[in-house]
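This report goes through a structure element by element.

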Amino acid sequence: MSFLTPLYLLGALGLAIPIILHLLHDRPKNKQAFGSLMFLDKTKPPVDRKRRPTHLLLLLLRCLALLLLAFVFARPFVTVDDPAAAARRDRQWITVLLDRSASMQRGDLWAQAKAKTQTAIGQLGPGDRFSLIAYDNSTDSLAEVKSWLGSASETEVNAQLERLAKPGFGGSNLGQALVFVGEAMQETESEPDEQPFARREIIVISDLQKGSHLGDVQGYEWPTGIWVSLKQIGEDDQGNAGIEQVFSRVPWATAEAAPSFRISNSANGIGDELEFLAHTTAGETLSQKVHVPPGRSRVVELPGEWAGKSVERLAIRGDTAEFDNQFHFAQNRQQAVRIVYIGEDKPNDAEGSLFYLASAFQQSNTLDFQVEAISGKSTDALPEADLFVIGDAVDNPLAQALGQTIESGATALMVVQSPGQAANLGQWLGADGVVIRDIASSDYALLQSLKLDDPVLAVFRDARFSDFTNLHFWKHRELQNLPDEGIDVLARFDSGPPAWLAARPGDGRLLVMTSGWTPADSQLALSTKFIPLLYSILQPVLEQKTQSRQFIVGNRIDVARFGNGQAAAGITVIPSGDGMEAVSVDTFFTPPTPGLYTAKGAGWSETFAVNLPAAESRTEPIVMEQFQKLGLPMSAPTATPAVAGAPKKAEALRREYWQWALAAMLLFVTLETVLAAKGSRATEPVMT
Amino acid sequence: MEIRSLSLRARAVVEGFMSGLHRSPRTGFSTEFTEYRQYSPGDDVRFLDWKVMARTDREFIKKFEDETNLRCTFMVDFSKSMEFGGDDAGVKKSDYGRTFAASLAWFLTQQRDAVGLATFDRDVREFIPPRYRQDQLKTILGRLETQPAGNATDLCQALEKLASLVGKRGMIVLVSDFLSPLDEMERCLSLFTAAGHDVRAVQVLHPREVDFSFEDAAIFEDMESGQNLILDPGMARESYQQKYNAHNAALDAIFSAQGIPGFRVTTAEPLERVLQRFLEERPARAVVRQRRSNARNAA
């Protein structure tokens, strides 16, 4: 019960006045000094018989009448829910986007998030639509209630919420989740027989960390009529430090580079002294201090003495949040790249092609280039190789094997240096009558019409490297009767004939140069273009050989690639750690948790590491202005359920009872009058 | 009690009591013979009664009553509770008690006895050691005439102090209303009786304290603590009297245990009669003690 004018209730205090006066009168006024009160006990205050109330009923009636008078003036009312109004209520559709990314593992954020979800559920009224969607890198619908049924629906949603016991290890792609939900809410219309939604709201319950990816919302035209309300938790972030590996852009081009790691400390971090730890497979723990001031990051190379100790896990220590302090590390093994030169050159003949070829490739800690030379006249079986370089005519058994190898996927570079190679060329290209003709020219030739879009020449696409005018060709050849199709001309000589050609016989690649790189042919071997060109030709092989074994949670990993695509016998992925079960996969594997995994196939086994997304370490809250800049129609971030529930109040009926109180008061006054009249007729005076 | 001066009051009371002798509780060697005792080896041969020995051929020792003067110390309660009375409620307990002490002091001085005074409330206020001097009575009366300004009574604490102040054995007359807790009373009184003092207690009460004869309800104020209690006397009387009687019974038991003669007087009683009663008690008491002493010696 409430009162419109509650101050009038103070009038009821008037009741106390006669009672207080009565009590005051009863108190004796005379004082009697006495020697000692040691024999006296406190007795009931003596009552003056003359002042004793005689007509208690009258007193009661008068008091009640006064009380009711005060009650009437205070205008009492009771609010009751109007069921008819509840049915007329506007429907709303609330979607809760619950962040389950790795950063939510901090402290009690997850419990807070669940509590906020419960609060959001409390806003719902009968008939509302409710969706609960958890997101990290991906979005998963946990619960969907098309028409809210009160406690029954709440139980159902709570059961789904409880199933999500704790957050995952994924990154946080809030932008993607918002777009997904926004589109879903826009596209879904209410059923014809249903009341349309008056309000559509997305409630985001998240730590809104800086590492959240919001790119998807940028440039997205947000649908009208869908509000976004942000319920941020963990605003009191106490800073965090993270670790990630720094990858070189061209791993094969860097020689002897030790793996390096970026240790970052957030701007609100507490300390600047962190400990960088490495755990080896032998159970040894190595550590070193790293000084990273708050708001800065520092790249630390794995110390040389650590690299030799088969480190399997790195860690940092010294920040408040523990969830991202481990970094699982799978060291790359040195991979052999076999290059077979088919020709008659001597390895140390500076006039030959082999000499420059062997010198072009540099050993690194990831790649071991092995250049082998065989004669074109050899009758031995063709060795396996990642690149075949053909510098001379190849005799038939070998040429045939080479042709088949190329067709089955190998890469070959043919340097046309003599007309005798025409047969080989015709054989591999599947063309008859190919003729190689030496161009007799007193002047040097230059390259033109370079097809820089082609993957082989893409490395020179940058204007800084695309100048080929310093590269002079003294001798070159012309190929005649080439097939019209299936051959790309990558570059031509300024006189017209093709200089570099690319063909794709079968699954393989065959590159043809009509002028060699020896000093007798051109300046190519001595130019700055030579080594990039060779690496560019080898790039698909190198990429495969130097592929990273570092992944992040949620990545779809092509595990078959580790075994060169040999997935026929099935691949088993075994996570490290106790109690982890091996998983059988065909080609792809999506790791659910960070750790070291071992992929095992038929005759091969490869270890790879899975870590948290580095962005999850950036736990500082996003500034709210950023969301407004993205054009999201924001509800106030601190919107409370009471605000949302305000319309419900309006639907309640206010029932006032002051008329009844007035009637009761009049009745009491009448009764009192009758009783008093009776009393006055009696001889005894009425004392109240 | 119309006479304002305490000395005059005392003198008026004492008149007529000039005769009568009280004896010291100590047996000594004075001129007054008390009894014979058979000689036993070790007794001083000086006290042998040669005449009896010649007549009966037996050795007897003569014993004499010591006739030294009495040393009497009045201990008068000056606490606030003694101020009850006055105006229409009769004589104040303090006036009554002081007059009693003054009268007795006058009387004793007349007999050339040494008289001293101690006044107390919570603590000992004044102490005049017993002395026989020309101006001793004047000093005592002067002190008794000062108005009591004490607080609460702590009889026991005061008695403990006095026990250390009073030196030689003598008579102690304790004048108080004894309206205080009796928990420690016996122990404190025993300090005097054990030291051989002849202790007498005079409990001065107002008639209203005896019968609680108030009529109207009033706020009763404790004169010592200032505590207030709203009371209907009619309702409280029965309980009061029960407790009062129990207190007095307990007090009597303590006196009896310590061999202390207790005089309970109300301010309504004529002082002469009380004084007479008091003085009559004295020789009898002395005789009892004398007998006890003789019995010990005979053994």
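Within β31(A), Thr598(A) is the bridge partner of Ile574(A). Strands, at least two residues of E, and helices, at least four residues of H or I, are DSSP runs numbered from the N terminus. The pair belongs to the antiparallel strands β28 (residues 571-575) and β31 (residues 595-601) of chain A, joined by four bridges; two strands count as paired if DSSP finds at least two bridges between them. This is a predicted model, in which local features need pLDDT of at least 70, side-chain atom pairs count only at pLDDT 80 or more, and totals for chains, interfaces and linings use all residues. Residues are numbered from 1 along each chain as its sequence is written, while chains are lettered from A and ligands numbered from 1 in the order in which they are written.

β28 and β31 are part of an open sheet of five strands in chain A, with the order β26-β32-β31-β28-β29 and mixed pairing. The edges are β26 (550-552) and β29 (583-585) of chain A; each has a single partner strand, so one side of each is left without a neighbour in the sheet. On average, and with direction ignored, neighbouring strands of this sheet are turned by 30° against each other. Angles are taken between axes, which are lines fitted to C-alpha atoms (for helices over the stretch in contact), and run from 0 to 180 degrees between N-to-C directions.

Strand β5 (residues 129-135) of chain A is mostly covered, with seven of its seven residues buried. A residue is buried if 20 or more other C-beta atoms lie within 10 Å of its own, exposed if 12 or fewer, and partly exposed in between, with C-beta atoms placed from the backbone. In a regular strand the side chains alternate between the two faces of the sheet. Here Arg129(A), Ser131(A), Ile133(A) and Tyr135(A) point one way from β5(A), while Phe130(A), Leu132(A) and Ala134(A) point the other way, and all are buried.

One partner of β5(A) is strand β4 (residues 91-99) of chain A, which runs parallel and is joined by seven bridges. Another is strand β6 (residues 139-145) of chain A, antiparallel and joined by six bridges. Ala134(A) has a counterpart in each: Leu98(A) stands opposite Ala134(A), and Ala134(A) stands opposite Asp140(A) in β6(A). Three residues separate β5(A) and β6(A), which form a hairpin.

## Helices α9 and α10

Two packed helices are described by the angle between their axes and the distance between the axes. For helix α9 (residues 396-407) and helix α10 (residues 422-429) of chain A, the axes come within 10 Å and cross at roughly 35°. On the α9(A) side the contact is made by Ala399(A), Gly403(A) and Ile406(A), and on the α10(A) side by Asn424(A), Gln427(A) and Trp428(A). Residues are in contact if their C-beta atoms, placed from the backbone, lie within 7 Å.

## Contact between chains A and B

In the interface, 18 residues of chain A are in contact with 27 residues of chain B. Strand β2 (residues 31-34) of chain A pairs with strand β8 (residues 218-222) of chain B in the parallel sense, over four bridges. In β8(B), Glu221(B) is the bridge partner of Ala33(A).

Chain B has nine helices and ten strands. Of its 299 residues, 35% are buried.

## Single residues

Leu542(A), in helix α11 (residues 530-545) of chain A, is buried, with 22 other C-beta atoms within 10 Å. Between Leu542(A) and Ala336(A) there are 206 residues of sequence separation and 9.9 Å in space, C-alpha to C-alpha. Glu273(A), in strand β11 (residues 273-280) of chain A, is exposed, with 11 other C-beta atoms within 10 Å. Not counting residues up to four places away in sequence, Glu273(A) touches Lys289(A), His291(A) and Gly318(A).

In chain B, Phe178(B) is not a glycine but has a positive phi of about 50°. Phe178(B) lies in the loop between β6 (171-176) and α6 (185-194) of chain B and is buried, with 23 other C-beta atoms within 10 Å. Phe212(B) has a positive phi near 50°. The loop between α7 (207-211) and β8 of chain B holds Phe212(B), which is buried, with 20 other C-beta atoms within 10 Å.

How values were computed: Contact = placed C-beta atoms within 7 Å.
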